[in-house]
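These are my notebook entries on a single chain, written while I went through the structure entry by entry. I kept to what I could look up.

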Amino acid sequence: MASVTFLVGGLGGVSSGGGGQFGGAAPPVPTGVLYTSLLMLHVLCAIVGFGTMAVTGVQAARARRGPSPSGSEGVRRYFRPGVNWAGRTLYGVPVFGFSLIGASHGAFRPGDGFVVIGLVLWLAATLVAEVVVWPGERRIQLGLAARWSDAGAAGAAGALDRECRRVAASAALLVVLFLAATVIMVGKP
């Protein structure tokens with residue numbers, strides 16, 4: 001009778017009763033406490049980092065509506081002055097990713113296509129976060145204080161609106177990059 005084993009990360013191995021492996025000589029996906037823990041940390045950093053970017057985009061879009069609509073207090077709390085440390089967990093993704101490669105005992109290599117593509121997508125996402133989203137967050141923090149405290153500041157309102165649009169659009173791009181990276185990492189083409 002044929003046995004089918006599905007492992008973390010997709011179809012890890014399909015073998016027949018004779019022990020042969022279907023689909024080539026792909027090594028099995030590693031298991032064990034260390035590998036599983038590193039995988040969980042890698043995924044957690046990606047979800048928290050990219051999830052925070054998505055929430056930033058949503059809150060930036062909400063900030064465009066101004067101080068009067070419902071939910072403005074939540075926007076004000078979200079954009080309170082300070083660094084978005086949750087978003088910085090994005091930097092843990094490659095750290096734990098390369099740790100996973102090391103803990104895979106040769107099953108995965110830095111030159112594997114899915115690793116290279118994932119790293120390129122991560123670099124693009126980090127560049128967008130560093131150049132547009134995080135500086136935009138700081139400008140929105142300042143703009144909310146200026147615009148929402150003085151409703152007559154038309155120049156501040158226009159600048160805030162543009163910044164909110166930029167951050168929301170960039171955050172949407174980050175979500176697309178995250179989804180693409182997820183498909184690549186799970187599918188391992």
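Predicted model: local features only at pLDDT ≥ 70, side-chain atom pairs only at ≥ 80, totals over all residues.

Entry on ring pairs. I then went through the aromatic rings, and the count came to five aromatic pairs. One of them is formed by Y91 and W122, which I noted as edge-to-face, with 6.1 Å centre to centre and 80° between the planes. This pair links distant parts of the chain, since Y91 sits in the loop between α2 (72–78) and α3 while W122 belongs to helix α4, 31 residues apart. I also recorded F108 and F114 as an edge-to-face pair, at 5.5 Å centre to centre and again with 80° between the planes; both of these phenylalanines are buried. Returning to Y91 and W122, I found that ring pairs link them with W134 into a cluster.

Entry on T56. I looked up T56 next and placed it in helix α1, which covers residues 33–63. Is T56 buried or exposed? Its relative accessible area is 0%, so T56 is buried. Setting aside the neighbours within four places in sequence, I listed Y78, F79, N84, V133, E137 and V167 as the residues in contact with T56.

Entry on A103. I found A103 in helix α3, which spans residues 92–103, and its relative accessible area of 10% means that A103 is buried. With neighbours within four places in sequence left out, A103 is in contact with P30, L34, Y35 and L38. I also checked A103 against L39: the two are 64 residues apart in sequence, and their C-alpha atoms are 9.9 Å apart in space.

Entry on the largest pocket. I looked up the volume of the largest pocket, and it is about 680 Å³. Of the 30 residues that line this pocket, the closest to its centre are L39, H42, L100, A181 and M185. The elements that give two or more residues to the lining are α1, α3, α4 (113–149) and α5 (154–187). Which element gives the most to the lining? I noted α1, with seven residues. The residues of the lining divide into 24 nonpolar, five polar and one charged.

Entry on the whole chain. Last, I went over the chain as a whole, where the secondary structure comes to five helices and two strands, following the pattern β-β-α-α-α-α-α when read along the sequence. I noted that buried residues make up 37% of the 189 residues in the chain. I also looked up how far apart in sequence the contacting residues lie, and among contacts between residues at least 6 apart, 74% join residues at least 24 apart.

Definitions and conventions:
Residues numbered from 1 in each chain as written. Heavy atoms only, no water. Helix = DSSP H or I, 4+ residues; strand = E, 2+ residues; numbered from the N terminus. Buried < 20%, exposed > 50% of the residue type's maximum accessible area, 1.4 Å probe, protein only. Contact = heavy atoms within 4.5 Å. 1 Å grid on protein atoms, 1.4 Å probe; cavity = no way out; pocket = protein on both sides within 12 Å on 5 of 7 lines; lining within 4 Å. Points joined across faces, edges and corners; volume = space filled by probe spheres on them. Nonpolar A, V, L, I, M, F, W, Y, C, P; charged D, E, K, R; others polar. Phe/Tyr/Trp six-rings, centres within 6.5 Å; stacked < 30°, edge-to-face > 60°.
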